[in-house]
Amino acid sequence: MMPPVFLHQLGLVCALGSGKREVARALFASTPSGVAAHEGYADRALHLGLVTAPLQAQDALPASWHSRNNALLLTALAEVRPAVDAAIARFGPERVAVVLGTSTSGIGESEGAIAARLATGHLPATWHLRQQELGAPSSALAHVLGLAGPAYVISTACSSSAKALASAARLLRAGTVDAVLTGGVDSLCRFTVAGFRSLESVSEERCNPMSVHRHGINIGEAAALFLMTREPGPVRLSGWGESSDAHHISAPEPGGRGAIAAIREALARAGLTPEGVDYVNLHGTATPQNDAMESRAVHALLGPDVKASSTKPLTGHTLGAAGALEAAFAWLTLTDNPEGRLPAHFWDGAADPALPALSLVKPGEALGRPVRAVLSNSFAFGGSNAALVLERA
């Protein structure tokens, strides 16, 4: 029997705030916050999940790794640093790994550098190509912490950090390491926003998942980090499932077959029946095709009564960080929550009659008992699907 793995400490920063306490207050509030209108990322104001909290200084990093992405990551690290340092002291630096998901890395710094070159004819002295390397986040954390174990990044668009948690669990189960610092990070920039606008996928208002009026996503940014070990902790990562649609470069398979395969695998690995899931954190992007596919998949496997919500109206779609951020929301739902409060599904309430009905969480809704198991879905371009099951230990 494979050893279980546990998520001990959590550090995070997103549009809802910085740190577990601040984010939890906003996550379970009866009114939405986080996503708001911001200038500077397009030719007009857009609703975005921008982090407005102060970020950690990057003095411990070489200048060639300085980026907003890594500043977000160091801010999340600060909350878990004592526990990580203790794990390094206990196991040794070669027995602690870093496994992260990202899709932007330091693209924002390259975007600024190109703009400066067009204006002046010269690239800024502060710019370095290393800033935008996809492996930069894991290398930066390994450098700051003095680690000698495996350090790598998974970049599969919006499933990246969910897959990073699964990869971290496999390292632990294989006995390759004794602890993993795992999660995800992505940062806002005009390039990312322009890319999604070119697909006609961006909403100028707060996104409206599962509504008949939905018309696109809000882009966001975030960092979320867990310390994962085989030692018992408050939350167990009990299941994960991964699949590939191989259907279209940007559109999901309409019937949700790939999503269903990933969810089934996650439940099977966790040893859970569909009835054992208390709450589903939907990928819930508010795009027409994603919501249609996901509602069909969840309804087919879990039925119409399981509580479900999308938290993207609060944080925006944080792309490569989304899987880890929403696993963090699952962690918060499973810990220090005796009433079983659930993250609300903020929308206009106008259900799409073409979609199977789901039991979407109302503001202030709670189970009336502690939450036992949460399913978190992440679906990416190219049909890269990942599902995680987290359980209260």
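This is a predicted model: local features need pLDDT of at least 70, side-chain atom pairs count only at pLDDT 80 or more; totals for chains, interfaces and linings use all residues.
1. Start with strand β1, which spans residues 6-14. Most of β1 is covered, with eight of its nine residues buried.

2. Now look at who β1 pairs with. Strand β8 (residues 222-229) runs antiparallel to β1, and six bridges link the two. To find your way there, look for glycine 11, which sits opposite leucine 225 of β8. Strand β9 (residues 235-244) is also antiparallel to β1, joined by two bridges. Here leucine 7 faces valine 235 of β9.

3. A hairpin of two residues takes you from β1 to β2, and cysteine 14 has glycine 17 of β2 as its bridge partner.

4. Next, the helices. α1 (residues 20-27) packs against α10 (residues 322-334) at about 85 degrees, and their axes are 11 Å apart. Angles from 65 to 115 degrees count as roughly perpendicular, so α1 is roughly perpendicular to α10. On the α1 side the contact uses Lys20, Val23, Ala24 and Leu27, while α10 brings Phe329, Trp331 and Leu332. Six of these contact residues are nonpolar, one is charged and none is polar.

5. Finally, is threonine 285 buried or exposed? Its relative accessibility is 6%, and the cut-off for buried is under 20%, so threonine 285 counts as buried. You'll find threonine 285 in the loop between β10 (279-281) and α8 (288-302). Leaving out residues up to four places away in sequence, threonine 285 touches Cys207, Gly216, Ile217, Asn290, Asp291, Lys312 and His317.

Conventions:
Residues are numbered from 1 along each chain as its sequence is written. Side-chain values use heavy atoms; hydrogens and water are left out. Axes are lines fitted to C-alpha atoms, for helices over the stretch in contact, and angles run from 0 to 180 degrees between N-to-C directions. Helices (H or I, at least four residues) and strands (E, at least two) are DSSP runs, numbered from the N terminus. Angles under 35 degrees count as roughly parallel, over 145 as roughly antiparallel, 65 to 115 as roughly perpendicular and the rest as oblique. Contact means heavy atoms within 4.5 Å. Ala, Val, Leu, Ile, Met, Phe, Trp, Tyr, Cys and Pro count as nonpolar, Asp, Glu, Lys and Arg as charged, and the others, Gly among them, as polar. Buried means under 20% relative accessible area, exposed over 50%, partly exposed in between (1.4 Å probe, protein chains only). Two strands pair if DSSP finds at least two bridges between them.
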